[in-house]
Amino acid sequence: MSAVPLRNNTAGLAEVRSITVLGATGSIGDSTMDLLRGAPERYRVEALTGNSNVQGLAKLAREFSPRFVAVADPAGLDELRDALAGTGIECGAGESAIIEAAARPADWVMAAVSGAAGLKPALAAVDRGATVALANKECLVCAGDFFMQRAAQAGACILPADSEHNALFQALSSGNREELVRVIITASGGPFRTWAAADIEQATLAQALKHPNWSMGQKITIDSASMMNKGLEVIEASYLFALSPDEIDVLVHPQSIVHGMVEFSDRSVVAQLGAPDMRIPIAHCLGWPERIKGPSDRLDLAKIGTLTFEAPDFERFPGLRLAYDSLRAGHGATTVFNAANEVAVAAFIAGQIRFGAIARLVEATLENWTRSGNLAPLTSADDAIAIDHDARKRAAGLLPQIAAKAS
């Protein structure tokens, strides 16, 4: 049985729902806290975590009075304790403290810790059967089969918090699995949608960070510019909804109003629409199986006027092709794809490689890893983390030659 409920049940919300937010100081966390701020009578915060923004985390803790707060950076523990002195809030630091926050008895957990570091905390919430709003793509990209199996075994409910996957989640309730033909994930196309390949190759960091529609963190914004992010979403959709690569299409939609569509056997296509505001899919997860009142603006299609769609260009944006390739290869290839991309993006931010070299480093790492014969199935979080670490080393080793070819 899938850990993703494809039809809403009829059970209402508990009188007060306890909430944990993993990654409370990031962009997804900020949207989640804004929604909680609007309904204090409905939600009680159990735990909050942040990466290194100690003062931002402490400010949220003073506002929401959680029982436990943890910062991922161990060096921030003393500062966090000082900032929360006299509040009675328990503090922790490091990976074990983030995992402890996820394991605490909250009804609903937002899993928004970025990167592979989010896998173990999300599993800690899954293993106790919690409802987990999943905003961390890497949990599924790095360990999709294993993660969803654990969720099903524990009776955990996985709610997709990404706008595209939440759109598919809502649209899928219009039919049964055997009636499904395909799902369509939309992509804005990012800031380089109309750029020539030669110009994309030379794009600067400042240009890559100018997303036309969404306000997001640095890493995900660069991934959107390269369309690596859409590749990660294809992989995520495959594991989340048990879909083959051939059942997932990508459609470029510059207005970011239609977030996902599902085609059924009778050729009906059901779409979910909404303004480009992450509070909308998060509100759906936060209220599920009911709907809550959200603060986003109403969708005014007459004002928008026109919605346009384009086929993705796999030549100018090879990251999307590589995502499909790694998904078809299986056996940890998607973990390698993600790890190599993280190394490549970090190198681009540091000025070590050109923007166009991001995809080349990912492709070279995948080829190197495949030639080594490391094609064993993943059976644990440690397996996924080991492959992740190995792929990062390979990508770092290949970085100088990729940088040299582009110079």
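**Figure 1. Contact of helix 6 with helix 11.** In this predicted model, K137, L140, V141, G144, D145 and M148 of helix 6 make contact with N229, L232, E233, I235, E236, Y239 and L240 of helix 11. Sorted by class, seven residues of this contact are nonpolar, two are polar and four are charged. Helix 6 spans residues 137-154 and helix 11 spans residues 228-241; their axes are 9 Å apart and meet at an angle of about 20°. Angles under 35 degrees count as roughly parallel, and helix 6 and helix 11 are therefore described as roughly parallel to each other. The crossing of helix 6 past helix 11 is left-handed. An α-helix has 3.6 residues a turn, so residues three or four places apart point the same way.

**Figure 2. Contact of helix 10 with helix 15.** Helix 10 (residues 218-226) packs against helix 15 (residues 333-349) with an angle of about 100° and an axis separation of 11 Å. The range for roughly perpendicular is 65 to 115 degrees, and helix 10 and helix 15 are therefore roughly perpendicular to each other. On the helix 10 side the contact is made by Q218, K219, I222 and D223, and on the helix 15 side by N341, E342, V345, F348 and I349. Four residues of this contact are nonpolar, two are polar and three are charged.

**Figure 3. Aromatic cluster of F192, W195, F348 and F355.** These four residues form one aromatic cluster, and the structure holds five aromatic pairs. In the pair of F192 with W195, the ring centres are 4.4 Å apart and the planes stand at 50°, so this pair is classed as tilted. F192 has a relative accessibility of 0% and so counts as buried. W195 has a relative accessible area of 26% and is therefore partly exposed. F192 also pairs with F355, in an edge-to-face arrangement with 5.1 Å between centres and 80° between planes. This second pair links distant parts of the chain, 163 residues apart. F192 sits in the loop between strand 8 (180-187) and helix 8 (197-201), whereas F355 sits in the loop between helix 15 and helix 16 (357-371). With 4% relative accessibility, F355 counts as buried.

**Figure 4. Helix 5 and the residue G129.** Helix 5 covers residues 119-127, and seven of its nine residues are buried, so this helix is largely enclosed by the rest of the structure. The buried residues are L119, P121, A122, L123, A124, A125 and V126. G129 follows helix 5 and has a positive phi, near 75°.

Figure 5. A395 belongs to helix 17, which runs over residues 381-406. The relative accessible area of A395 is 0%, so A395 is buried. Leaving aside residues up to four places away in sequence, A395 touches A340, V343, L361 and T365. A distance to another part of the chain can also be given for this residue: the C-alpha atoms of A395 and P105 are separated by 39 Å, and the two residues are 290 residues apart along the chain.

Terms used:
Residues are numbered from 1 along each chain as its sequence is written. This is a predicted model: local features need pLDDT of at least 70, side-chain atom pairs count only at pLDDT 80 or more; totals for chains, interfaces and linings use all residues. Side-chain values use heavy atoms; hydrogens and water are left out. Axes are lines fitted to C-alpha atoms, for helices over the stretch in contact, and angles run from 0 to 180 degrees between N-to-C directions. Helices (H or I, at least four residues) and strands (E, at least two) are DSSP runs, numbered from the N terminus. Angles under 35 degrees count as roughly parallel, over 145 as roughly antiparallel, 65 to 115 as roughly perpendicular and the rest as oblique. Contact means heavy atoms within 4.5 Å. Ala, Val, Leu, Ile, Met, Phe, Trp, Tyr, Cys and Pro count as nonpolar, Asp, Glu, Lys and Arg as charged, and the others, Gly among them, as polar. Buried means under 20% relative accessible area, exposed over 50%, partly exposed in between (1.4 Å probe, protein chains only). Rings of Phe, Tyr and Trp (its six-membered ring) pair if their centres lie within 6.5 Å; planes under 30 degrees apart count as stacked, over 60 as edge-to-face and the rest as tilted. A crossing is left-handed if the near helix is turned anticlockwise from the far one by less than a right angle, and right-handed if clockwise.
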